[in-house]
Amino acid sequence: TDQTHIALNDGARIPQVGLGVWQTPNDEAAPAVKAALDAGYRHIDTAAVYENEEGVGEGIRQSGTARSDIFLTTKLWNTEQGYDQTLRAFDASLKRLGTDYVDLYLIHWPSAHRELFVDTWKAFVKLQEEGRAKSIGVSNFCPEHIERIVAETGVVPVINQIELHPDFQQRETRAFHEKHKIVTQSWSPLGQGKLLGHPVIAEMASRLGRTPAQVIIRWHIDNGLVVIPKSVTPSRIVENFNVFDFKISAEDMKILNALDDAGARIGPDPMTAS
Ligand code: NAD
């Protein structure tokens, strides 16, 4: 019943379930992070553009959990791409978080039209060499973007955080990641909540004596994905972490895997997103 971890290609390891805090202002982020750490979470996913890094830092301090026990991720926003800009933006994130390192720093989007993601990645490599970003990765990168940064630097990102939920499973991208030892991390893992009422998932949940959110989170875990469900409601934060004492059977995995629908993307297409 202990939480599970996934090994990263740089030797670090990441707790498989973390708390997402998108669309959570500072004054809600602090108690949500504290509730999560109290419930046993040791992984928090924020971003500069969420404008709640201060609240996340505050929640960590209020919880009294040792910083070294927490896996903290933040992300570089698109408008801060570029070598020098990245280094400055990273310092500003650390200051807001009230910490002197992050466990994982992600390029939030390739934002390819800027033609800056390679220079940005070079700054990420420097931050990792300095030990201030323990691990470095990307988000919303397509295979061609990853191939480009690897060709230019030789450094493979540890993770690609992408939109992924039972009706949008990203199988091709996951196969590419596997080939390159990149972990796949699922954003909007619950489909932003829209999947919780899905009849197939609801039926399975009641049959298993679980909630729909728990079934979906467990589906991510059993697929080897890292998953960061968002909630600010303490009871749901606890519920979403209560997933380490069961597994989805092979038969039920088949049923869930069959929900894949290429048209179910919620967010922007990374190939064209600005
Ligand atoms: P999600 O799929 O985690 O769904 C969150 C919503 O589901 C909540 O707002 C709530 O309404 C509902 N919910 C959560 N737990 C529930 C429960 N137990 N019972 C009932 N309802 C419940 O959506 P998300 O916030 O979009 O994604 C999670 C995290 O992923 C974000 O907070 C953020 O950290 C990250 N993210 C990253 C990117 C990116 O571009 N890298 C984009 C979107 C999200």
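This is a predicted model: local features need pLDDT of at least 70, side-chain atom pairs count only at pLDDT 80 or more; totals for chains, interfaces and linings use all residues.

Residues are numbered from 1 along each chain as its sequence is written.

Lys 181 is partly exposed, with 13 other C-beta atoms within 10 Å. The rule is that a residue is buried if 20 or more other C-beta atoms lie within 10 Å of its own, exposed if 12 or fewer, and partly exposed in between, with C-beta atoms placed from the backbone. You'll find Lys 181 in the loop between α6 (171-179) and β9 (183-187). Its phi is near 60°, a positive value in a residue other than glycine. That's worth a look, since most residues other than glycine have a negative phi.

Gln 23 is another one: not a glycine, yet its phi is positive, about 60°. Gln 23 sits in the loop between β3 and α1, and it counts as exposed, with 12 other C-beta atoms within 10 Å.

Now zoom out. The chain has ten helices and ten strands; by definition these are DSSP runs, H or I of at least four residues for helices and E of at least two for strands, numbered from the N terminus. Along its principal axes, the C-alpha trace spans about 55 × 40 × 30 Å. A compact globule with 274 residues would have a radius of gyration near 19 Å, and the chain has 18 Å, which agrees. That radius is taken over C-alpha atoms, and the globule rule is 2.2 Å times the number of residues to the power 0.38. Of the 274 residues, 46% count as buried.

Next, the sheet. Eight strands make an open sheet, in the order β3-β4-β5-β6-β7-β8-β9-β10, with parallel pairing. The edges are β3 (19-20) and β10 (226-227), each with a single partner strand, so one side of each is left without a neighbour in the sheet. Two strands pair if DSSP finds at least two bridges between them. For β6 (residues 102-107) and β7 (residues 133-139), there are five bridges, in the parallel sense. Tyr 105 has Ile 136 of β7 as its bridge partner, and Ile 107 has Val 138 of β7. Six of the seven residues of β7 are buried, so the strand is largely enclosed by the rest of the structure.

On to the helices. How far apart are the end C-alpha atoms of α1? They are 20 Å apart, which agrees with the 20 Å that its 14 residues (26-39) should span at 1.5 Å a residue; the expected span is 1.5 Å times one less than the number of residues. Its buried residues include Ala 29, Val 33, Lys 34 and Leu 37. The buried residues of α1 pack against β3, β4 (43-45), α2 (53-63) and α9, where contact means C-beta atoms, placed from the backbone, within 7 Å. Just after α1, Gly 40 takes a positive phi of about 115°.

Helix α8 (residues 212-222) is mostly covered, with nine of its eleven residues buried. Among them are Arg 218, Trp 219 and His 220. The buried residues of α8 pack against β9, α7 (199-208), β10, α9 and α10 (250-257).

Last stop, the ligand. Which residues are closest to the ligand? They are Gly 20, Trp 22, Leu 190, Gly 193 and Lys 230, out of 26 residues that surround the ligand; to count as near, a residue needs its C-beta atom, placed from the backbone, within 6 Å. Helix α9 (residues 234-241) gives the most to this shell, with three residues. By class, the shell has nine nonpolar, 13 polar and four charged residues. Here Ala, Val, Leu, Ile, Met, Phe, Trp, Tyr, Cys and Pro count as nonpolar, Asp, Glu, Lys and Arg as charged, and the others, Gly among them, as polar.

That's my tour. Over to you.

Methods:
Two residues are in contact if their C-beta atoms, placed from the backbone, lie within 7 Å.
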